[in-house]
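Hi everyone, thanks for making time.

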Amino acid sequence: MQPLQPVSGSDLQRFLSAPEELLQQSVGLQLAVASFHQTPRSLLEILVNSPDEQVAEAASLHVNLAGEITDGWQQAVDEILQQRQLGQNDRLAVELLKIGTVPPCFLSEWVPSEPLIQGLRNPQMPLRYRLQLLQRLSQEATLEPRLEVAESPETPSAVLEQLAGDLELPVRLAVKFNPSCPPPLIELVEGQYAVASDWNTDSEQLAMLGQSRWAWVRLAVAQNPSATAETLMQLAGDAVYKIQLAVAKNPFTPTEALNLLANYADKETQNEISIALAKHPNTSEQVLLKLYPKHKHTIITQRKNLPLSIIEQLVRDRSDKNFYYYVNLVINQSNISGEILELVKDSDIQVRECALKNINFSEFEEHQQMLIAEEYKQMILGCYRLLLGKEKAKEVANAHQLMAQRPDSSCALAQVLEKGDQKAKLIAARNNKTPIQVLQQLAKDADEIVRSVVAENSNLPLSSLLELTQDSSLKVRSALARKRSHKQTPVQVLERLANDESAQVRAQVAANLDTPVELLKMLANDQKSEVWRALTRNPNTPVDVLEFLGVEKGIVSIWNPNTPGNALAKAVEQALKMDYSSRYKALDDLLRPATGSQMPASVLVQLASRETSWILSLVAGHPNTPISALEPLINDDYGPVLWAIARRADTPPQLLERLLLTLTDPKSQDYEQISLAICDRREIPPNLLEPLMQSNLQQVYQRVAAQPNLPQAIVERLMAVSNDLVLITLAGNQSLTAKFLNRLAENPNPKVCSAIVNHPNMTPELWIQLANHTEVSVHQVIAANLSTPVNILEMLARDLDKNVRVKIATNINSPISVLEQLARDEEAFVRTATASNSHLPATVLTQLANDEKVEVRRAVAQNPNTPAPIRETLRDLVVQPTTRQTSPTLRGLNRLYNPSTDDLVSILAEYASSENAFVRLVTLLHPLTPHEVLTQAAQSASWLERYAVADNTGTPSVLRQQLAQDSNRIVRAAARVNTNS
């Protein structure tokens with residue numbers, strides 16, 4: 001972004017007497033003056049005529065020329081942006097919708113609804129933009145966009161009013177259950193529909209409702225057989241296809257209206273109307289003739305009393321494969337012509353038999369007389385009612401199926417209240433997206449499980465929570481008293497439940513971390529021990545209450561770090577008076593090594609003098625037990641006592657050594673447990689290494705082998721161990737001398753020898769010894785090592801194993817002579833590895849560029865040291881990247897944002913430096929754009945970029961106050977509105 005050229009009031013003085021000279025200055029200076037807040041009107045009147053559009057616009061929007069703007073500034077910005085070319089295109093705008101702050105005016109009519117819906121769901125999309133998108137999506141012809149709008153609680157009332165009478169049932173249901181929809185609106189629309197669909201409604205009302213702004217109401221009129229010919233004629237010209245189709249299916253639609261609909265029959269999309277016209281009894285002969293070529297089968301099979309012109313066409317078209325079938329259908333028509341009667345004399349015997357069999361004038365006339373007009377009308381109405389009922393049932397079934405796939409929608413949740421089973425209600429009760437009114441209904445559900453679950457929903461209003469405090473179900477009140485994970489339990493609820501009749505509920509209140517101290521103190525006077533126990537576990541319970549409960553009631557919690565020592569001492573004292581079984585359980589709980597325990601050391605010392613071994617093991621493992629109290633315990637013959645001493649991190653090395661020395665059998669369980677406990681320390685004390693070597697445990701040997709500065713005697717002992725894992729660990733010990741390394745190099749296990757290679761004390765002789773090892777795997781490790789001496793690399797370059805030579809070829813420390821040798825290797829695999837070495841000289845690369853193997857030449861093409869002319873000759877060999885190349889329409893973005901993996905703030909920082917002005921504008925509107933970027937943009941030469949900073953909800957207040965004094969009237973207005981909000 002280009003900053004404004006700095007100017008001051010003194011810089012303007014020389015132009016005040018000759019303003020015209022300002023137009024002779026550079027564009028940068030003109031723009032700076034046009035954007036300077038002190039520029040007088042006289043100079044601005046000159047600058048509005050600048051040949052530079054940016055200068056002229058900046059001057060025309062200057063507050064000293066155009067004045068302040070308080071209302072309509074947002075509309076003014078939208079109008080300017082709609083006409084402005086900033087380098088935007090639809091694909092770029094859709095891509096930027098991922099970050100969310102794209103002004104909708106940049107999204108052309110060709111942008112499909114899917115990315116608009118995704119943009120609408122982006123939490124970073126400003127509310128003003130979301131409202132514009134909602135308005136746009138409400139006009140879409142397809143269902144999903146309108147349904148998305150109907151479900152949104154942000155949709156304005158005017159848009160909901162428009163969608164309340166939508167032709168699609170899912171949309172109407174979504175509007176009906178939208179928490180922002182006023183109930184009177186639904187009553188009005190459904191009331192109109194009820195009247196419009198009533199077959200007893202008088203014609204005047206139907207005529208009026210036929211002009212309703214809601215298509216759903218007009219559809220009901222179009223389907224109503226009581227609608228007059230004039231009303232149906234008017235609806236036949238309706239712009240909505242479904243209404244036209246309904247008119248075509250209405251059995252009492254007059255011929256004139258059907259003739260009007262026939263004008264649409266030529267369109268491919270109007271096929272349903274054509275079929276309805278082909279079936280309709282009132283369709284004119286002219287229209288039937290027009291439809292006959294495409295709908296011959298429907299006209300013949302679905303109609304009675306066909307016009308003579310249709311029958312005559314049928315008779316003349318004998319090539320039709322269904323000719324005899326059609327003749328059977330039409331032979332009894334009342335409109336018998338001379339040509340039809342001639343069929344009894346036809347040369348085709350099948351035609352003659354059909355005619356003689358079916359012609360029966362007397363029976364036909366008798367049937368006609370039986371079907372009097374009124375009965376015929378009732379039959380038609382009955383069939384029509386069944387048809388409409390079938391269509392409505394299908395519509396309802398489809399709508400419910402669709403809404404069931406949208407479990408978070410208000411409509412689906414409302415259906416749960418009406419028809420849902422327990423499982424569906426529980427899902428809604430847990431869902432944080434469930435509308436408040438649905439949660440309130442669930443709080444009154446007959447099922448106590450549903451009520452108990454909804455009681456823990458953080459969105460349930462306080463009024464409902466207070467009602468639930470009086471619920472008859474203990475399960476519900478207990479759920480209400482529990483600490484909610486995502487929201488604080490209201491004090492008013494806790495106050496009520498603290499006086500609940502159930503001790504279980506009061507105990508839940510006592511354990512709740514949201515319970516105020518005053519209530520905790522009150523509950524200390526409760527008469528139930530379960531309430532006292534809950535209080536002792538709550539870290540917010542005052543110390544004096546904990547002390548009272550411990551000393552007076554004998555109830556403590558060792559897991560509460562605030563439990564005072566005298567309360568714990570009292571609990572121990574009481575435990576020692578219990579019978580054996582109870583005493584064991586009580587002390588086992590009290591002496592657990594809880595973090596922050598205030599168990600007095602004096603109590604532990606006293607317990608250490610007892611003879612009961614299991615008590616001694618608990619005392620030994622407690623972190624508050626003094627070291628002095630541990631010393632007498634090392635002679636105890638109960639293993640867990642000794643283990644506990646060894647596992648303590650603060651046990652001194654001398655005591656640990658004495659502990660090991662007291663044990664005579666290194667193979668005993670006690671020796672093993674103590675050894676393992678010592679080895680779990682970060683560092684093993686040196687004085688314990690020798691005793692630990694008495695153990696026969698591999699884990700112990702490995703830990704010893706890894707210790708720094710090992711004494712030679714210990715190393716000797718470890719060298720004698722036959723376990724390979726121990727020796728491999730020892731080989732990696734940095735304190736090992738060359739003497740021991742030489743001995744390890746003689747080990748038959750190649751893994752042990754390979755472990756030596758990285759050792760800093762490797763000698764030249766040892767390198768040679770390992771390079772002559774019989775195992776190829778050792779050679780490979782040496783060949784890949786960056787510390788391998790040159791003479792060893794030269795030696796292994798002649799190795800018989802090609803994998804060893806490949807390791808040498810890729811080693812960046814391999815000398816040029818070795819690489820030149822490997823470039824001539826008989827194995828293409830080796831030459832390819834050589835060609836990939838980033839230290840390969842140009843001479844060798846040039847040689848390999850002519851290699852007979854394509855993989856070698858490809859490696860040369862990919863080597864960064866390959867001379868440009870050679871790389872150009874090999875460019876076709878380089879595998880093209882599989883990632884999609886950036887489209888020309890996306891060139892304003894240095895990379896595409898992936899919400900799943902990319903850091904949005906970092907992306908915004910990159911986009912802010914884009915050469916594309918549109919990308920910069922969208923970035924500067926984003927609330928997460930770094931403040932340093934916004935600070936820089938506040939000085940931009942582009943007033944649109946300064947406006948974006950002013951309109952950004954994430955802009956610091958200091959910066960917004962600065963922009964409130966900007967020269968541009970729109971920038972000032974945006975900054976002031978956002979500062980006040």
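Let's start with Trp-73, which counts as buried because its relative accessibility is 5%, and buried means under 20%. Keep in mind that this is a predicted model.

Now, how many aromatic pairs does the structure hold? There are 6 of them. One includes our Trp-73, whose ring centre lies 6.5 Å from that of Tyr-947; the planes meet at 70°, so this pair is edge-to-face. Please look at where the two partners come from: Trp-73 belongs to helix α6, residues 73-83, and Tyr-947 to helix α64, residues 943-951.

On to another pair, Trp-199 with Tyr-384. These rings are stacked, with 5.9 Å from centre to centre and 15° between their planes. Trp-199 sits in the loop between α13 (183-196) and α14 (203-209), while Tyr-384 is in helix α26, residues 373-404, so the pair ties together parts 185 residues apart in sequence. Both Trp-199 and Tyr-384 are buried.

Stay with Trp-199 for a moment, please. Arg-385 lies over the face of this ring, 3.9 Å from the ring centre. You can find a charge over a ring at Phe-740 too: the charged end of Lys-739 sits there, 4.8 Å from the ring's centre.

Finally, which residues do ring pairs link into a cluster? Those are Tyr-580, Tyr-584 and Trp-614.

Technical notes:
Residues numbered from 1 in each chain as written. Predicted model: local features only at pLDDT ≥ 70, side-chain atom pairs only at ≥ 80, totals over all residues. Heavy atoms only, no water. Phe/Tyr/Trp six-rings, centres within 6.5 Å; stacked < 30°, edge-to-face > 60°. Helix = DSSP H or I, 4+ residues; strand = E, 2+ residues; numbered from the N terminus. Buried < 20%, exposed > 50% of the residue type's maximum accessible area, 1.4 Å probe, protein only. Lys NZ or Arg CZ within 6 Å of the ring centre and 35° of its normal.
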